[in-house]
Amino acid sequence: MRLRVELVLEVDDADAVTTAALRRIADDSTVPVDERVHAESAVTEDTAEAVAYLVDPFDLVSDVPGVELVQASWSSEHIEYDPDSPDWDLDEDDGEEDFDGEGAARVG
């Protein structure tokens, strides 16, 4: 099953986001030194990278009974958001999938 989630975030304090990401990197003893340096540089230069480093898809489903996260990918990017624009209609059907009312997707 594929779960698609799209979030639009407003960052009010970029320094707080960057600091939190740097703290998480520093606290993660499993990250090799060369990767740590790269991650620190990325989150310092780009708030979107810091947000992506802090968001963990596993956290979204780890407490859901009967569900195991098999694969996840995500990214973060700076966008111009206009909530009144029809481009941001989250209820819009993209035509790729239809749901049967019980959470199961039907492709068609």
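**Close-up views of a predicted model**

View 1. E10 is exposed, with a relative accessible area of 69%. Here exposed means over 50% relative accessible area, buried under 20%, and partly exposed in between (1.4 Å probe, protein chains only). This is a predicted model: local features need pLDDT of at least 70, side-chain atom pairs count only at pLDDT 80 or more, and totals for chains, interfaces and linings use all residues. Residues are numbered from 1 along each chain as its sequence is written, and side-chain values use heavy atoms, with hydrogens and water left out. E10 sits in the segment before α1 (14-27).

**View 2. The chain and its elements.** The chain has 4 helices and 2 strands. Helices (H or I, at least four residues) and strands (E, at least two) are DSSP runs, numbered from the N terminus. Along the sequence the pattern reads α-α-α-α-β-β. Of the 108 residues, 16% count as buried.

**View 3. T19 in helix α1.** T19 belongs to helix α1. T19 counts as partly exposed, at 40% relative accessibility. T19 and A50 are 31 residues apart along the chain, with 8.7 Å between their C-alpha atoms.

**View 4. R36, buried without a salt bridge.** R36 is part of helix α2 (residues 33-45). R36 is buried but has no salt bridge. A salt bridge needs a side-chain nitrogen of Lys or Arg within 4 Å of a carboxyl oxygen of Asp or Glu. E40, the nearest side chain of opposite charge, is 5.3 Å away. Lys and Arg count as positive, Asp and Glu as negative; His and the chain ends are not counted. A polar atom of the R36 side chain lies 2.9 Å from the backbone oxygen of D28.

**View 5. The largest pocket.** The volume of the largest pocket is about 1600 Å³. A pocket is an open set of points on a 1 Å grid over the protein atoms alone, where a 1.4 Å probe fits, with protein on both sides within 12 Å along at least five of seven lines; lining residues have an atom within 4 Å of a point. The volume is the space filled by probe spheres set on the points, which are joined across faces, edges and corners. Of the 36 lining residues, V5, E6, L7, S73 and W74 are closest to the centre. The elements that give two or more residues to the lining are α3 (47-54) and α4 (57-61). The most comes from α3, with 4 residues.

Notes:
Polar contact = N/O pair within 3.5 Å; in protein donor to acceptor, adjacent residues only side chain to side chain.
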